[in-house]
Amino acid sequence: MSQAQIIDGKVYAERVRDEVAREVARLRADHDLQPGLAVILVGEDAASQVYVRSKGEQSLAAGMHSVTHRLPADASLDELLLLIAGLNEDPRIHGILLQLPLPGHLDQRAALAAISPEKDVDGLHVVNAGRLANGEPALIPCTPLGCMILLRETLGDLTGKTAVVVGRSVLVGRPVAQLLLQADCTVTIAHSRTRNLADVCRGADILVAAVGRPRMIKADWIKPGAVVIDVGVNRVPFDDPEKAAAGRTKLVGDVDYKAAREVAGWITPVPGGVGLMTVACLLQNTLTAAKRQNGLDRDLA
């Protein structure tokens with residue numbers, strides 16, 4: 001059996017960004033409407049700063065209005081909520097993204113709940129979660145949305161496929177399971193405590209790994225020819241003893257990628273797979289939010 005085909009996130013992310021940029025240009029020309037994204041960063045977390053900078057650069061490149069609000073690590077919840085309230089009322093801002101994680105003294109749930117559901121481009125507000133569960137129009141979490149784009153591009157019609165999602169988080173596992181159900185898949189949500197997890201995974205035409213454990217999904221857990229979507233991002237020491245001794249690390253997914261390529265039909269790499277889709281889908285969500293807030297829902301694809 002030949003090796004699995006790699007699902008290149010870079011290719012599909014570029015396609016999404018290009019489509020968003022064309023539509024932003026059309027909105028600006030036809031409706032004098034420039035979608036606006038506000039990102040809020042609390043504290044100095046190095047990884048978060050990299051993500052925030054990337055989001056700002058990509059939104060500007062797509063022709064959007066983009067602002068970043070930075071609060072000190074010791075900012076109070078009241079300060080954060082005041083900033084969110086102002087952005088909720090700002091007509092130039094159509095999407096608000098609160099970069100997570102927050103410093104430990106801040107109530108993350110309260111902060112996310114303060115964001116207007118119509119501007120919740122991360123799709124984490126309980127209203128959007130409820131709309132998604134009911135099959136109603138919602139702003140969908142970016143990573144699950146990216147997973148679905150990759151699956152549709154790979155398989156086309158997903159009707160009747162057996163899907164197993166390993167992971168039950170509100171960020172990925174649960175919403176991606178809802179989206180697979182809407183695509184007429186037969187869906188099982190499994191997790192680290194599922195009995196006979198390997199056997200459950202072996203029944204999947206589509207296997208989505210989002211459990212947060214490096215290389216947990218082994219090659220013999222995968223049905224030959226299955227599509228494997230690896231959402232995991234785990235930092236581990238290099239296999240090379242010299243590099244490991246120097247404290248160097250690398251990113252790996254939740255799937256044992258090298259071995260899994262010998263069994264799967266298609267697979268996403270880490271890095272270079274789902275992660276690249278996340279920011280592209282943030283731009284798509286911001287565009288969607290801008291249309292809905294301005295009565296242009298009929299333009300939505």
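Two strands are said to pair if DSSP finds at least two bridges between them. The strands themselves (E, at least two residues) and the helices (H or I, at least four residues) are DSSP runs, numbered from the N terminus. The structure discussed here is a predicted model, in which local features need pLDDT of at least 70 and side-chain atom pairs count only at pLDDT 80 or more, while totals for chains, interfaces and linings use all residues. Residues are numbered from 1 along each chain as its sequence is written, and side-chain values use heavy atoms, with hydrogens and water left out.

We begin with the sheet that contains strand S8. Two bridges join S8 to strand S11 (residues 266-267), and these strands run parallel. Within S11, tryptophan 266 is the bridge partner of valine 227. Helix H6 (residues 142-155) packs on the sheet and touches S7, S8 and S11. The direction of H6 makes about 160 degrees with that of S8; here, axes are lines fitted to C-alpha atoms, for helices over the stretch in contact, and angles run from 0 to 180 degrees between N-to-C directions. Contact means heavy atoms within 4.5 Å.

The sheet as a whole is open and is formed by six strands in the order S1-S11-S8-S7-S5-S6, with parallel pairing. Its edge strands are strand S1 (5-6) and strand S6 (186-190), each of which pairs on one side only. S7 and strand S8 (residues 227-230) run parallel and are joined by four bridges, and in S8 the bridge partner of leucine 207 is valine 228. Strand S5 (residues 162-166) also pairs with S7 in the parallel sense, over four bridges, and valine 165 stands opposite valine 208 in S7. Helix H7 (residues 173-182) lies across S5, S6 and S7, and runs at about 170 degrees to S5.

Buried means under 20% relative accessible area, exposed means over 50%, and partly exposed lies in between (1.4 Å probe, protein chains only).

A further open sheet has three strands in the order S3-S2-S4, again with parallel pairing. Strand S3 (65-71) and strand S4 (95-98) stand at the edges with a single partner strand each, so one side of each is left without a neighbour in the sheet. Neighbouring strands of this sheet are turned by 15 degrees against each other on average, direction ignored. Strand S2 (residues 36-42) runs parallel to S3, and seven bridges join the two. One of the pairs is valine 39 with its bridge partner in S3, threonine 68. Helix H2 (residues 46-61) lies across S2, S3 and S4, running at about 160 degrees to S3.

Helix H1 (residues 9-31) contains glutamate 23, which is buried, with a relative accessible area of 15%. The side chain of glutamate 23 makes a polar contact with the side chain of arginine 26 (2.7 Å). A polar contact is a pair of N or O atoms within 3.5 Å; within protein, one must be able to donate a hydrogen and the other to accept it, and residues adjacent in sequence count only if both atoms are side-chain atoms. Leaving aside neighbours within four places in sequence, glutamate 23 is in contact with Leu287 and Lys291. Glutamate 14 also has its place in H1, but glutamate 14 is partly exposed, with a relative accessible area of 34%.

Helix H11 (residues 274-293) has 20 residues and reaches 28 Å from its first C-alpha to its last, close to the 28 Å expected at 1.5 Å a residue. The expected span of a helix is 1.5 Å times one less than its number of residues. H11 is mostly covered, with 14 of its 20 residues buried. Glycine 295, whose phi is positive, near 65 degrees, follows H11.

Finally, we turn to the cysteines. A search of the whole structure finds zero disulfides, a disulfide being a pair of cysteine sulfur atoms within 2.5 Å. Cysteine 142 is in no disulfide, and the nearest cysteine sulfur, that of cysteine 281, is 6.4 Å away. The sulfur of cysteine 201 is 15 Å from the closest cysteine sulfur, in cysteine 147, which is too far for a bond.
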